[in-house]
Amino acid sequence: MLYSRLLNSLIRNNKNGYWLLKSGILIGKNYVKYFPDKRLPRSFQYLHKIVFDWTYKGIASKSSVWVNLFAPSEILLAFGFNPIFVEAISAFLSGLDVEDELILRAESQGISESFCTFHKAFLGAAISNLLKKPKFLVATSSICDANLNTFRFLSETLKLPFFFLDVPSEDSKEARQYLKAQLSSMIKSIEKLTGRKLNLDYLAKIIKKENATRKLIKESLKLRATKNIKTTLTFEMFMLYPSHVFCGTDQALRFYQMFVDDLKNSEERDGKSIFFIHTLPIFEENFKEYFNFSNKINVLGMDLNFDFLEEINEQDPIEAICEKLLKNPYNGDFKRRFEHIKTLIEVLKPDGVLQICQMGCKQSIGCSMLLKSNVETLGIPFTSIDVDCVNKKNNSKGQIRTRLEAFLERVK
Ligand code: SF4
């Protein structure tokens, strides 16, 4: 594609490609608005629009803030900032076929070859002037150990203020006090840095909408046990926007209302049903062929979109955010994580469970054998497949096909 060739050439020649990236996303944003993909249910057509919109704002706005997936973005939304998360940008850049050039750029600055490519592509974009500098950075220690390294590197290299929240692995009175103190200090520093004042009443409204959205997420989980919605791996991945960084917005709430309606009106589940763990290889050819708009295989979603399903304290928004971060079942040891996955499996009743081990992701590779033995005790076929969800050149189509087909043969 000419657009990708031009963007790659600007990156390779150290020229500023920001304007081209911004225009490309703006065109994409308008395209999906005026020419929605008619194969998609109404909710996914809407999701397509809001994802482009949020991404565009995260890239083009003067109020953008770079975050990780689990950052307390409610606070940023209440301040009026436009958060955007690492995985979202990397996936978009991979969709534009520029990831390889960006990863090479990151590696040329000393980033390890074995580092997660979601992070490497993002780092490459940030140091190649492909992204405009945000106001500041916010990351938590939750789940992904690449965050601290990535955000610290960006803060030092681009001279950006960085707020890091150390989330204890257990929920306790002391842990809440410790986290609350960090959040209060971050809020004060943001107020001082930007001159904006946090409106706690507005933040409480965001938390209220977040609770309403989460109720719908739980309803959608139950419906997916019996209904089959026309989906693609990309749209399951897009759901990370409304289930995480933008949960609490009107758009996220509207999407889940539409999604629940679409599920209710969908056909009954039929054929093989697969539940995904951790992430989705949205650009890998075999996965696209087998799962996107499939009549034979039902995609039941991905565990990360159902990671935290509880109601949080609407009266005290800061306490609510601490509660959410500390009670997240993916924060802490494997036992806690598996208990949660087991509950999801019991609701969804998949015919098979597939874990995607992302290249360079220590936590997914590290728990893969434990997951296998635990899922198999439930009598459900399980496999993990190594895929690079960002850098397409690292994937061997033949090898992945063999593993995927062997797994699907085992699934009744
Ligand atoms: S794939 Fe793993 S290392 Fe990469 S961003 Fe996700 S959790 Fe972090």
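Trainee: Okay, which domains is the protein divided into?
Mentor: Keep in mind that this is a predicted model. The protein splits into domain 1 (2-197) and domain 2 (201-410).

Trainee: And how many Å apart do the C-alpha centres of domain 1 and domain 2 lie?
Mentor: Those centres are 21 Å apart. Where the domains touch, 49 residues come from domain 1 and 45 residues from domain 2.

Trainee: Which elements of domain 1 give two or more residues to the side that touches domain 2?
Mentor: Among them are helix 4 (73-79), strand 2 (82-85) and helix 9 (173-194). Helix 3 gives the largest share of that side, eight residues.

Trainee: How do the residues on that side of domain 1 divide into nonpolar, polar and charged?
Mentor: You get 30 nonpolar, nine polar and 10 charged.

Trainee: Switching topic: which residues surround the ligand?
Mentor: The ones around the ligand include Glu-87, Cys-116, Phe-118, His-119, Thr-279, Gln-358 and Ser-364. By kind, the shell has six nonpolar residues, five polar and one charged.

Trainee: Which domains does the shell draw at least three residues from?
Mentor: Domain 1 (2-197) and domain 2 (201-410) each supply at least three. As for helices, helix 7 (117-127) and helix 17 (362-366) each put at least two residues into the shell.

Trainee: Now the sheet with four strands: what order do they come in?
Mentor: The order is 8-7-9-10, the sheet is open, and the pairing is parallel. Strand 8 (297-302) and strand 10 (382-387) are at the edges with a single partner strand each, so one side of each has no neighbour in the sheet. On average, neighbouring strands here are turned by 25° against each other, ignoring direction.

Trainee: How many bridges join strand 7 to strand 9?
Mentor: Four bridges link strand 7 (residues 272-277) with strand 9 (residues 352-358). Along that pair, Phe-276 sits opposite Leu-354, and Ile-274 faces Gly-352 in strand 9.

Trainee: What about strand 7 and strand 8, how many bridges join them?
Mentor: Four bridges join these two, and they run parallel. One of the opposite pairs is Ser-273 with Asn-298 in strand 8. To get from strand 7 to strand 8, the chain passes through helix 14 (residues 285-291), and that β-α-β crossover is right-handed.

Key: Residues are numbered from 1 along each chain as its sequence is written. This is a predicted model: local features need pLDDT of at least 70, side-chain atom pairs count only at pLDDT 80 or more; totals for chains, interfaces and linings use all residues. A residue is near a molecule or strand if its C-beta atom, placed from the backbone, lies within 6 Å of it. Ala, Val, Leu, Ile, Met, Phe, Trp, Tyr, Cys and Pro count as nonpolar, Asp, Glu, Lys and Arg as charged, and the others, Gly among them, as polar. Domain bounds come from an automatic or database domain assignment. Two strands pair if DSSP finds at least two bridges between them. Axes are lines fitted to C-alpha atoms, for helices over the stretch in contact, and angles run from 0 to 180 degrees between N-to-C directions. A crossover is right-handed if, with the strands pointing away from the viewer, the path from the first strand over the helix to the second runs clockwise. Two residues are in contact if their C-beta atoms, placed from the backbone, lie within 7 Å.
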